[in-house]
Amino acid sequence: MRVACAACGNLLDVVYDWDRARPPARLDFFEKKWSRRFDPLCLSGVWRFHDLLPFAPADRVVTIGEGQTLLQPSAGVARYVGSEPGRLYLQYEGLNPSGSFKDNGMSAAFTHAHTIGAKRAACASTGNTSASLALYCAVTRLMKAVIFIGTGKISYGKLSQALDYGALTVQIAGDFDDAMQRVKEVSSQLKIYLVNSVNPFRLEGQKTIMYRVLEGLRWQVPDWIVVPGGNLGNSSAFGKAFAELKEIGLVDRVPRLAVINAAGANTLYELFERRGLRWDQGQPDKSPACLEYYDELDAGAKRASTIASAIEINRPVNLNKCLRALDVCRGVVREVSDQDILDAKAQVGAGGLGCEPASAASVAGVKLLVAEGVIDPQELVVCVLTGHQLKDPTATVAYHTTDQEQFNKVLGSRGVKRAAFANRAVAVSNDLDEILKAIQLYS
C-alpha cells in the first residue's frame, strides 16, 4: 500500500468529509453504546467510536476486544510529580490484549488491510508493534506476520509474544532505524502490507485513546496530555483527534500536549526545543535544521540508547505529523534521563498500575514540567501509560534487586546510579522464628 505522497514524500493522512460522514452532535452520544456489549463494535474501545473513524464498513472491521483500558486518578503519582490531589490521571493502555497501546492502531490498520485483501503484513519493531501484529494474525488467521527487529534491541517479554504467536521474526544487525528502512524496502518489493505508524490507518485507531480519556473525564477536556515520544505516532494521532473534534464542534478547546523523550533518544527534543524546528505548513523535515541533525547522527554513528526500549528511536517516522500536533495543541517537548524514568516507574508501580519503562517517561516529564512552572499543580493532567509492566520485567527486577551486580549490568551501564524507591526482598533463613520477626519488623 502507499503510505507517502509521490510528489512531496510526506506521509499520507486519512481525511474525512464530515458533511457526508455525519458525526454525532454530542460526545455523550457514545454512552448509549456501553450497554451493547454483545456487539463486537460496541465492546471495542476503538470501534464504539466508529462514527469518528468511518473509513471502513462495519462488516469489514477486525476487532479482538481492544481498548478495554482505564483512566485512573493516582494520588501517589500526583504527590510525586507535585500536582494537586485529584488533578493527575493515568491512562493505562497496558490492559490491551497484547499489553500495549499498539492494539488500538493495529485493529484499524488490520481492518484496512482486510478491506483491501492483504494476505501478509509486516512491521519493524522495538517489541510492542511486533507483539500486536503477531497477535492479530494469530487470532484472526487473516494474514501472516513478518517482523523485523534489531540485534539485542527488544525485551524478552515482547519477543516472547511474537515467537509464541507464530510470527516470522527476522533479526537484522542494527537498531530500529535500520529495521525500519529494511521493512519498507521489503514490503514494497514483495507487496506486503506495512503496519508501522507510517500507515495512516494506524493513527486512526490510536486517536481513540483520546476519546476514551474524554469518556473517562465525562467529556471534560483536560488541560494537558503527556505522552512518551518514540516514533511519534501517538502524539501525532492525539493532535489529529483533537483537531477533528474541534473542527466538527464536539469540543470547544484542545488540551496542551507534552511529548517526553528519553535523553538517549531525544531527536524531537533536540530539533524542537534546541534548534527551533516547527510545523512550517508540512515541510519541517526538509529544513536545514533537520537535515543537518540527521547528518550529524550519521557522521558520529550515533545510536539511540535508553532503558526505555519502546522509545529507543533516533529517526521518528511521524516527525512531521507530531510537529503539526504540537502546533495544534501549543505543545512542548522535554527529555528525561533513564534515572528519572525508572524512579517514576517505581512510583507508578507503587500505585498498582505497573508499566514498562517507556510509559513512565510521561510521569517523569510531568514532574519536570511542574518543577519548571510550565504545568500548574492545579491543572488537570493525563499521563498516557503505553505498555504493561510485564513487557520488560528485567528492568523492573534490576531496579528493586539486592544484587548489585545485576543492578550494575542492567541499569548501571545506562547511567542509573540509585534505586531511591526500590522495594527490595528481605533475605531470611529458613526458620519460622526468623520469618516471623522479619514480617513483624518490615510490615
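Biologist: Which residues does C123 touch, leaving out residues up to four places away in sequence?

Modeller: Leaving those out, C123 touches T129, S130, L133, V146, I147, F148, V183, L194, V195 and N196, where contact means heavy atoms within 4.5 Å. This is a predicted model, in which local features need pLDDT of at least 70 and side-chain atom pairs count only at pLDDT 80 or more, while totals for chains, interfaces and linings use all residues. Residues are numbered from 1 along each chain as its sequence is written, and side-chain values use heavy atoms, with hydrogens and water left out.

Biologist: Where is C123 found, and is C123 buried or exposed?

Modeller: C123 lies in strand β3, residues 120–124, strands being DSSP runs of E with at least two residues and helices runs of H or I with at least four, numbered from the N terminus. C123 counts as buried because its relative accessibility is 0% (buried is under 20% relative accessible area, exposed over 50%, partly exposed in between, with a 1.4 Å probe and protein chains only).

Biologist: Switching topic, how many residues of α9 are buried?

Modeller: In α9, 12 of the 15 residues are buried, so this helix is largely enclosed by the rest of the structure; among those buried are F238, K240, F242 and E244.

Biologist: And what covers them?

Modeller: The cover over the buried residues of α9 includes α1 (18–21), α8 (200–216), β7 (224–228), β8 (256–262), α12 (319–328) and β10 (381–385).

Biologist: What follows α9?

Modeller: After α9 comes G249, which has a positive phi, near 80°.
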